[in-house]
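Biologist: I am new to this structure and would like to go through one part of it with you, step by step. Could we take a look at it together?

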Amino acid sequence: MPELPEVETIKSDLEKVILKKKIIKVELLDKKLIKGIKPELLIKEIEKTTVDQIIRRGKYLIFVLSNNKSLVFHLKLTGQLIYGTPDKKSRIIFCFDNGKCLNFLDQRRFAELRLTNEWNKEKGIIDMGPEPFDKSFNLEKFRCMLGSKKTKIKPLLMDQNFLAGVGNIYAQEVLFRVGIHPERPVNKLRTQEVENLYSAIKGVLLEAIKYRGSSVDAYVDTQGKKGGMEQRLKVYGRAGQSCQNCGTLLKEMKLAGRGTTYCPKCQK
Ligand SMILES: [Zn+2]
């Protein structure tokens, strides 16, 4: 599933091409992706509006429109947003006044599109934890957020109500880089480990943004190109291969229902 770096890449690409552009027509080829509003009404509301602002919050992408309503996208497992000419496989096509289109594709059809008056009050967003790159998310705040919780660290990092944008790929990478076992209870983290974890969260996400995300599933950028981060991942998807630090074979386990790869020697 696209996480913060992938959605951020899409956001910054789209800012260059659709900001202040008018949506002249919407072609709806699959109604299933539209939630919470009659699909025909959504189209009526957004045609002839312009995209005034593009925001990423966690794994959500938000287009603030000139009628003060917002389109809220969640790509879920296989959603893609590809800019250019109309694509036959699109579920929804947004056509702009410059003759270009934004194709919303989704092979598995779990992606969601909503129209809302206040995007920050939407379910899934209203209770979301802080953004990792928000100024308010400093080390002191991170320590407070962790508190003396007894939960395991990896599922907590992936909890969107704890921290926005980190999912299964980057939670594994962060924990490997700081040598912390995914099952370690939060209240057993040492002071220095919390500091390392805080830095690694930002460091790994920044690196993934720099390399335009990880194309481990269906993720591609708005030009349909794969990201460059997956070759840099040290544990995700590498179970059975040797650890790049120590040579031990990486192990995989299920943790809170999610496949989790780790090094049994480096991560304690
Ligand atoms: Zn190792």
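This is a predicted model: local features need pLDDT of at least 70, side-chain atom pairs count only at pLDDT 80 or more; totals for chains, interfaces and linings use all residues.

Biologist: Is Gly79 buried or exposed?

Modeller: A residue counts as buried if 20 or more other C-beta atoms lie within 10 Å of its own. For Gly79 there are 26 other C-beta atoms within 10 Å, and therefore Gly79 is buried.

Biologist: Which residues does Gly79 touch, leaving aside those up to four places away in sequence?

Modeller: One of them is Ala111, which is 32 residues apart from Gly79 in sequence, while their C-alpha atoms are 5.5 Å apart in space. With residues up to four places away in sequence left out, the residues that Gly79 touches are Asp106 and Ala111.

Biologist: Turning to the sheet, which strands stand at its edges?

Modeller: The open sheet is formed by 4 strands, in the order S1-S6-S7-S5, and their pairing is antiparallel. Strand S1 (23-28) has a single partner strand, as has S5, so one side of each is left without a neighbour in the sheet. The strands at the edges are therefore S1 and S5.

Biologist: How many bridges join S5 to strand S7?

Modeller: Within this pair, Gln80 has Leu105 in S7 as its bridge partner, and Tyr83 stands opposite Leu102 in S7. Strand S7 spans residues 101-106 and runs antiparallel to S5, and the number of bridges that join the two is 6.

Biologist: How many of the residues of S5 are buried?

Modeller: Gly79, which lies in this strand, is buried. The strand S5 as a whole is mostly covered, and of its 6 residues the number that are buried is 5.

Biologist: On the scale of the chain, which element gives the most to the side of domain 1 that touches domain 2?

Modeller: The domain assignment gives domain 1 as 4-121 and domain 2 as 139-262, and their C-alpha centres lie 28 Å apart. The contact takes 18 residues from domain 1 and 21 residues from domain 2. On the side of domain 1 that touches domain 2, helix H1 (4-17) and S5 each supply at least two residues. With 8 residues, the element that gives the most to this side is H1.

Terms used. Residues are numbered from 1 along each chain as its sequence is written. A residue is buried if 20 or more other C-beta atoms lie within 10 Å of its own, exposed if 12 or fewer, and partly exposed in between; C-beta atoms are placed from the backbone. Two residues are in contact if their C-beta atoms, placed from the backbone, lie within 7 Å. Two strands pair if DSSP finds at least two bridges between them. Domain bounds come from an automatic or database domain assignment.
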